[in-house]
Amino acid sequence: MISKGLFISIIESIRLQVQKDKHTASILSEVFKSEVNPIDNSLLIRSLIEVLRFHFPQGDDDCEFDHYCFFQNFGRFVNGDEVIVETASQFFDRLVAEIRS
């Protein structure tokens with residue numbers, strides 16, 4: 001099984017790359033007065049997610065990693081008026097618990 005430290009490092013690397021790509025696209029869009037998104041790291045990010053899925057197998061249609069990273073913006077979700085954050089460490093613990101149950 002993948003170590004917790006490596007798992008967290010991969011999730012954090014994906015988060016930082018997405019954040020950097022959005023920032024770069026925003027600056028370029030301001031400069032060119034048009035929406036510009038010249039950076040596409042989707043193949044690399046997809047590969048990293050596939051490595052995680054190898055260690056935490058799921059159904060073909062289910063991808064906890066896509067949900068966590070992109071739907072929940074890296075573990076942030078709203079519950080009523082409260083914003084709940086699931087850290088990468090907590091996400092790892094949850095996935096391990098699901099495997100063991």
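Arg15 and Glu12 form a salt bridge (a side-chain nitrogen of Lys or Arg within 4 Å of a carboxyl oxygen of Asp or Glu), their closest N and O atoms lying 2.5 Å apart. The model is predicted, so local features need pLDDT of at least 70 and side-chain atom pairs count only at pLDDT 80 or more, while totals for chains, interfaces and linings use all residues. Residues are numbered from 1 along each chain as its sequence is written, and side-chain values use heavy atoms, with hydrogens and water left out.

Both Arg15 and Glu12 belong to helix H1 (residues 4-32), where three residues, about one turn of the helix, separate them. Helices here are DSSP runs of H or I with at least four residues, and strands are runs of E with at least two, numbered from the N terminus. Arg15 is partly exposed at 22% relative accessible area, as is Glu12 at 33%; the term covers the range between buried (under 20%) and exposed (over 50%), using a 1.4 Å probe and protein chains only.

A search of the whole structure turns up six salt bridges. Among them, Arg46 pairs with Asp66, with 3.0 Å between the closest N and O atoms. Arg46 sits in helix H2 (residues 42-55) and Asp66 in helix H3 (residues 64-71), so this pair ties together parts that are 20 residues apart in sequence. Arg46 is partly exposed, at 35%, and Asp66 is partly exposed too, at 24%.

In helix H4 (residues 88-100), Arg94 and Glu98 are four residues apart, again about one turn of the helix, and their side chains meet in a salt bridge at 3.3 Å, N to O. Arg94 and Glu98 also take part in a network of salt bridges that links them with Glu64 and Glu86.
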